[in-house]
Amino acid sequence: MGRKVIVAACSLNQWSMDFLGNMKRIIESIIEAKSRGARFRTGQELEISGYSCSDHFFESDTFLHSWEVLARIIANPDCQDILCDVGMPVMHKNVTYNCRVFFLNKKILLIRPKIMLANEGNYREPRWFTAWTKLKETEDHFLPRMLQEITGQRTVPFGDAVLSTYDTCIGAEICEEMWNPKSRHIELALDGVEIIANGSASYHELRKMYIRVDLVKSASMKSGGVYIFSNGVGCDGERCYWDGGSMIAVNGDIVAQGPQFTLAEVSVITAVIDLEDIRSYKTHIKSRCEVAASSKAFPRIIVDFSLSEGEYNLLADTKPISFTFLSPEEEIRYGPACWLWDYLRRSGQGGYFLPLSGGIDSSSTACIVASMCHMICDAVKSGNKSVTAEIQRITGQTDYIPTDPQKLANHIFMTCYMGSENSSSETQSYAAELAGQIG
């Protein structure tokens, strides 16, 4: 029998600047991870503040409230006896960083700042954050007094370091660092890190999941080990949609997959892993061993904790799976529908209004709302209480249980035909037929 550990990757429907809501979801994810036997939990990028705070990252209150939330999480009785890794913005020596914070039993172990910032596509991180450039170095970070009173620590390590428990070594990579040609997971794995946690905010693009899966599998295949990819879910108050798809890989194989599009507030995936399988895999790659033997060591934070304690050593290892990819049509159907649902419930509006001409543009938009209604009904049928409560609030009917997508559309979707001199009776009939089918 080997040395088994259970790790958890969490995806939360975060909302920027919703500090109390994000805190509630983080705590819920920690409780669920513990209930599954996990001894290590990681989550998505900037999950405490939300990723899309934009210029609110220029405001000191954003950092203050992040610390206040972290203090409540660390002090919460349900968040003890599990090693946790959360994402939040941190100001260190008057410089703002995108960070991972590791904590255990009311002690902060390490604050790890992001080293490679995203600055392409819809990303604009260098506007708000600075990349940490002191590789394999740490400094003392002075904690706010509210944290000092809880942790009993005045300073904690801040920088590029790893955690060494009784039975394994854990490191962090943050989103863009996995995509970069000089990925940090290479240095981490060469220095004996066996578990790498990546907190990401990777927004949805058509067929992007194929790239993510290839990168995660490659990261764990070249040097062996566990790679935990946690991605956000929801529109987060921005134009982008974060589509989840968290996953866990071991030695090049995907062993756990989270939902890519979901209306759930919290999604947790876990995997049972035998550390001896990782060590055997690593030692059999002799070219890796040659390079690892000469690699410069990371600073190590000694942690008096074991991930392999408990009766879970008797559990069978989580077996490799074939990652389930959605078709392009399914992605187009689900992604915008999820965004519309998030925007509807957060905006306080009562539904959607659409001028439906019968042409391809307005008809496609109407179909997306119809898809949203189908997803809401499916979520309610599966027992999602938060979706049920939200739709009751939106419709103003406290006893309404949506089961029919057409009837739901009749409550929250209004269309009208805006004809012009160029319109025909044919397009009007198309519009009327589609509106009738949707409800």
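Me: In strand 15, what is the bridge partner of Ala249?

Reply: First, the ground rules. This is a predicted model, where local features need pLDDT of at least 70, side-chain atom pairs count only at pLDDT 80 or more, and totals for chains, interfaces and linings use all residues. Residues are numbered from 1 along each chain as its sequence is written, and side-chain values use heavy atoms, with hydrogens and water left out. Strands are DSSP runs of E, at least two residues, numbered from the N terminus. Two strands pair if DSSP finds at least two bridges between them. Here, Ala249 has Ile254 as its bridge partner in strand 15.

Me: How many bridges join strand 14 to strand 15?

Reply: Four, and the two strands run antiparallel. Strand 15 covers residues 253-257. Two residues lie between the strands of this hairpin, and Asn251 takes a positive phi near 50 degrees there.

Me: Which residue of strand 14 is the bridge partner of Tyr227?

Reply: Ala249. Strand 11 (residues 226-231) and strand 14 run antiparallel, joined by four bridges.

Me: Which way do the residues of strand 14 point, and are they buried or exposed?

Reply: Buried means under 20% relative accessible area, exposed over 50%, and partly exposed in between (1.4 Å probe, protein chains only). In strand 14 (residues 247-250), Met247 and Ala249 point one way, Ile248 and Val250 the other, and all are buried.

Me: Where is Lys93?

Reply: Lys93 sits in the loop between strand 3 (83-92) and strand 4 (95-104). Its phi is positive, about 55 degrees, although Lys93 is not a glycine. Lys93 is exposed, at 61% relative accessible area.

Me: Is Lys136 buried or exposed?

Reply: Buried, at 12% relative accessibility. Lys136 lies in the loop between strand 5 (107-113) and strand 6 (138-142).
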